Amino acid sequence: MDKKTARWIRVSGLLLLIIYLAMLNYFLFFSAAFGRTMNLGREIHYNINPFTEIRRFLTCSAQLGTRAVMVNLLGNVLAFM
């Protein structure tokens, strides 16, 4: 592999990492999607206790629906990775 190709791969990887971190930051802290806001207000709620939200999603899966459970579980796995 020549130097030009190696540099292109390194720069592309860095750019993808920056895009990934920016999107992760947005969805974790600034996005109002996926039920983090109250219906009447604009208050955002965060749960910082480990596995509490995962447990809640699994026990309430009948009320929340399969899509919400899968988005939450996959989002937690991807955010952890």
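Modeller: Helices (H or I, at least four residues) and strands (E, at least two) are DSSP runs, numbered from the N terminus. This is a predicted model, where local features need pLDDT of at least 70 and side-chain atom pairs count only at pLDDT 80 or more, while totals for chains, interfaces and linings use all residues. Residues are numbered from 1 along each chain as its sequence is written, and side-chain values use heavy atoms, with hydrogens and water left out.

Biologist: How many helices and strands does the chain have?

Modeller: The chain has four helices and zero strands, in the order α-α-α-α from the N terminus on.

Biologist: Where is Asn72?

Modeller: Asn72 sits in helix 4, which covers residues 66-80.

Biologist: Is Asn72 buried or exposed?

Modeller: Asn72 counts as buried because its relative accessibility is 16%. Buried means under 20% relative accessible area, exposed over 50%, and partly exposed in between (1.4 Å probe, protein chains only).

Biologist: And what does Asn72 touch?

Modeller: Leaving out residues up to four places away in sequence, Asn72 touches Glu53, Ile54 and Phe57. Contact means heavy atoms within 4.5 Å. Between Asn72 and Phe57 there are 7.7 Å, C-alpha to C-alpha, and they are 15 residues apart in sequence.

Biologist: What about Gly75, buried or partly exposed?

Modeller: Gly75 is also found in helix 4, and it counts as partly exposed because its relative accessibility is 34%.

Biologist: New topic. Where does Phe29 lie?

Modeller: Phe29 belongs to helix 1, residues 3-30. With a relative accessible area of 46%, Phe29 is partly exposed.

Biologist: Back to the whole chain. What share of its residues is buried?

Modeller: Of the 81 residues in the chain, 7% count as buried.
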